[in-house]
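Have the sequence and the 3D view open as you read.

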There are 2 protein chains.
Amino acid sequence: MISRQQLIEQIKQKKSFLCVGLDTDIEKIPSFLKSYHDPVFEFNKRIIDATKDLCISYKPNAAFYESRGVKGLQSLIATENYLPAETLNIIDAKRGDIGNTSSMYAKAFFDKEASGMSFDAITVAPYMGNDSVTPFLAFEGKWVIILALTSSVGSKDFQYLTTENGTLYESVIQKANTWAGADRIMYVVGATKSTEFTNIRKFAPDNFLLVPGVGAQGGNLQEVCQYGMTKDCGLIVNASRSIIYATNGEDFADAARAEALKIQQEMQVELEKAGII
Amino acid sequence: MISRQQLIEQIKQKKSFLCVGLDTDIEKIPSFLKSYHDPVFEFNKRIIDATKDLCISYKPNAAFYESRGVKGLQSLIATENYLPAETLNIIDAKRGDIGNTSSMYAKAFFDKEASGMSFDAITVAPYMGNDSVTPFLAFEGKWVIILALTSSVGSKDFQYLTTENGTLYESVIQKANTWAGADRIMYVVGATKSTEFTNIRKFAPDNFLLVPGVGAQGGNLQEVCQYGMTKDCGLIVNASRSIIYATNGEDFADAARAEALKIQQEMQVELEKAGII
């Protein structure tokens, strides 16, 4: 379990607010790994070993594991068990259902005795409202990361609709702020929306924002920091494909480290610029 | 795979539009089943055997299986493999993510070779818009069931917000209607909102509606039919706890059948009243 204070301290110590996304696709990993019992776990293990001093968070994407059935779930469980204790370990699962069902999803990802996994945080879809989110908050010390403004083209369909409480994504943030504070709730805000960060900070001045979309999806780190950074940093920027698939050779872990280092150094500049370190 | 026409014919033949929800909680099943290798599958198998002539659909709730880790997934896969070929087999998973991730979720539930499972339909959360839903539609002949108006108290938080295209749930239906027709898309509408069905039929005149909330959640079947039924029936009404936990004894399957029969007989009256059979 990682408290807000521990997260902030880790950011200062590692001079990084990088989250490495483990969207590990068995079709895309180097072929020499296929001889291992669990090639996806072997891949993740080496990525983790190569990057854990440069990032403050890991984020396996549940879909990539679920697509492989039982074998995929075994890879996910092995990965969760291997993740460092000090990083914020997020399961990117986008869950959300009525109360008794969300309680079961919370057990699936937070209760090691029940499922074999205990992540620190989960991404949650807000459409079903309060009782779809609060069962995750019932697990003391765990984080809920609520979708606000996402990075892909479909975000335009509903998230920008005008409601009586501002846009839909503004409504989501305002309402979710009544469920728990910035010590338990984060929001997903895509890096491709960097000019929106000023607006988001009006509604979520203190919450950490999980920011996907830097790298393969085209978001710009400097802009995200310019508009979204707070005195506590307040940002966790995710990169997945640009790091884990930096090359497809036997040196993939070294290449991932080099890419993570490049991003960490850019992040260090931003943290220094903001006087955080 | 079940086409719209096959679904309608099955409703007429079985005189039923009942979906049995397999929200199977290992803590709630009769204790004598615990001696079996896979108690949850044994439970589901007997429920399926006892109800398959009375219902036209089954709906395992993914959360209840995921909460048990690998064992739970094995129970889900065994259940999917046992489901009758003629029923509409829905995985209630409420998934939705950016395009490449939704494609992986589609593999998880639609591609037997990849995951061990091939459901006919999946429930999907709409918040992330177009590209979060269309990857499921890319699987020919499979159904996507989009959350519109859900049954629990949290539905009030966002689904009734007023937008430039009506309420949010109306916006969702109007937009999703542009992604595919009533032969591929259904909507989730909670039975607890029965007076809203008239309004929903303005926006989704032909789509089948998956209606949870009858039974344990307090929805009224007659009202749902009065306001929501079409000339093709257009309704799939789900009951979970009231059927599968009708008793907690060794006769649980007989009790489940008795409860399913009671609902089927009520449904037959409604189908006759509407001149569908």
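Let's start at B:Ile145: leaving out residues up to four places away in sequence, it touches B:Ile90, B:Ala121, B:Ile122, B:Thr123, B:Val124, B:Met186, B:Tyr187, B:Val188 and B:Leu210, where contact means C-beta atoms, placed from the backbone, within 7 Å. Keep in mind that this is a predicted model: local features need pLDDT of at least 70 and side-chain atom pairs count only at pLDDT 80 or more, while totals for chains, interfaces and linings use all residues. Residues are numbered from 1 along each chain as its sequence is written, and chains are lettered from A and ligands numbered from 1 in the order in which they are written.

B:Ile145 is also among the residues with the most contacts inside the largest nonpolar core, which has 188 residues; the others named are A:Leu18, A:Ile145, A:Ile146, B:Leu18 and B:Ile146. Such a core is a set of buried Ala, Val, Leu, Ile, Met, Phe, Trp, Tyr and Cys residues joined through C-beta atoms within 7 Å. Buried means 20 or more other C-beta atoms within 10 Å of a residue's own, exposed means 12 or fewer, and partly exposed is in between, with C-beta atoms placed from the backbone.

B:Arg184 has its C-alpha atom 8.5 Å from that of B:Ile145, though they are 39 residues apart along the chain. B:Arg184 sits in the loop between H9 and strand S8 (185-189) of chain B, and is partly exposed, with 19 other C-beta atoms within 10 Å. Beyond four places in sequence, B:Arg184 touches B:Leu137, B:Trp143 and B:Val144.

Two helices are worth a look (helices are DSSP runs of H or I, at least four residues, and strands runs of E, at least two, numbered from the N terminus).

| Helix | Residues | Buried residues |
|---|---|---|
| H9(B) | 168-176 | B:Leu168, B:Tyr169, B:Glu170, B:Ser171, B:Val172, B:Ile173, B:Ala176 |
| H11(A) | 221-228 | A:Leu221, A:Val224, A:Cys225, A:Gly228 |

H9(B) has 7 of its 9 residues buried, so it is largely enclosed by the rest of the structure.

Zooming out, chain A has 13 helices and 10 strands, and 58% of its 277 residues are buried.

Notes:
Contact = placed C-beta atoms within 7 Å.
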